[in-house]
Amino acid sequence: MDSTEHMHLIYIILAAALATFLTRIGGYVMITQMKRIPPRMEAALNSVPAAVLSTLVAPAFISGGWDVAAAMLVALIVGLRFSSLWMLLVGWLVVMAIRHVVM
Amino acid sequence: MTKDDFWQGVRGGFPVMVSASPFGALFGALAVDNGFSVFDAVFMSATVYAGASQMVGIELFGHNVQPWLIVLSVFAVNFRHILYSASMARHIRHFSMLQKFFTFFLLVDPQYAETEKRAERGEPVTFAWYLGFAMIIYLPWQFMTMLGAIFGQMIGDPRAIGLDVLLPIYFMGLVLGFRRRDNWLPVVAVSSLASIAALHFVGSPWHVSIGAIAGILLAACLPLPKQHEEPVTLEHEV
């Protein structure tokens, strides 16, 4: 890259950083404009983490291949009783075992 | 007290740092692979500080996609933060303006999840705790980005060492952590199915926002649990 192209990249990164910051402050700015939170909106807000994080999990389960799906399934069972570090360790062991022993 | 809170935050964020570190290194390696210098990679990690969107950004940059589309994609991947910051407003009313600036700049998925859980347990959400939790993730994220960028070639195929499975499992652990909330199962089911359908029919990264909104709308429409006697009140301040 020459220096003009490089400055271009720096500007893109800065614009991406600004866009990201706007998403991080946007919800707060909107919600504090309201005097009180109606019960239905509170129910909606309470569902946010599970709703968003599910969209990062489910597609990986469907399109990550059967080895990833198997590892996630075992990790899910582990997660019902143990912490997420155990989920990561067991899930990783399962996928490594499938890739290097079974396949 | 403040110092105790800070170190409590550092201890709480430590497992997050451990599980995020491979992704920091992976980002650094992929960034260099897509034409970034080591400085560019660390600059992006330090200013954007949102792993999944950073991955999307370098991928598009590597394919010479127009700048406005790169920025829009980063915005779309990070759109969920709008929901986080709206939901978190209840817990950080007592922060100063400057503290709020840093609070939102450092707002990443596990940081949000832990803040909500801490508030749910009835423990005080102090800025010292928040900053401690954030710093043990933010600073190593920069360091691992640099390491990954420098030793990029040595990581090779991330699948061969099983790196690709860690992120979805980590997010799954976070989902499980909220399983005692009202309507958890229907929300998870609807968001999951909607995101899979949106991935198929609309494409990435919109499946994240579409799937999330589907689950949230469901929660807003389902019958309310009985124990809500009074809605939460917010003071008017920005």
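Helices (H or I, at least four residues) and strands (E, at least two) are taken as DSSP runs, numbered from the N terminus. By this rule, chain B reads α-α-α-α-α-α-α-α-α-α-α-α along its sequence. The chain holds 12 helices and 0 strands. The model is predicted: local features need pLDDT of at least 70, side-chain atom pairs count only at pLDDT 80 or more, and totals for chains, interfaces and linings use all residues. Residues are numbered from 1 along each chain as its sequence is written, while chains are lettered from A and ligands numbered from 1 in the order in which they are written.

Chain B has 238 residues, and 51% of them count as buried. A residue is buried if 20 or more other C-beta atoms, placed from the backbone, lie within 10 Å of its own. Two residues are in contact if their C-beta atoms, placed from the backbone, lie within 7 Å. Among the contacts in chain B with a separation of 6 or more, 73% join residues 24 or more positions apart.

Within chain B, helix H1 (residues 2-33) packs on helix H3 (residues 51-62). The angle is about 15° and the axes are 10 Å apart. Axes are lines fitted to C-alpha atoms, for helices over the stretch in contact, and angles run from 0 to 180 degrees between N-to-C directions. H1(B) and H3(B) are therefore roughly parallel (an angle under 35 degrees). Ala20(B), Phe23(B), Phe27(B), Leu30(B) and Ala31(B) of H1(B) meet Gly51(B), Gln54(B), Met55(B) and Ile58(B) of H3(B). This contact of H1(B) with H3(B) has 7 nonpolar, 2 polar and no charged residues. Ala, Val, Leu, Ile, Met, Phe, Trp, Tyr, Cys and Pro count as nonpolar, Asp, Glu, Lys and Arg as charged, and the others, Gly among them, as polar.

A second packing joins the two chains. Helix H2 (residues 39-63) of chain A meets helix H11 (residues 184-201) of chain B at an angle of about 45°, with axes 7 Å apart. The contact includes Ser47(A) and Ile62(A) of H2(A), and Trp184(B) and Leu199(B) of H11(B). Its residues divide into 10 nonpolar, 6 polar and no charged.

The contact between the chains takes 76 residues from chain B and 65 residues from chain A. On the side of chain B, helix H10 (residues 166-177) gives the largest share, 10 residues. That side divides into 48 nonpolar, 21 polar and 7 charged residues.

Terms used: A residue is buried if 20 or more other C-beta atoms lie within 10 Å of its own, exposed if 12 or fewer, and partly exposed in between; C-beta atoms are placed from the backbone. Angles under 35 degrees count as roughly parallel, over 145 as roughly antiparallel, 65 to 115 as roughly perpendicular and the rest as oblique.
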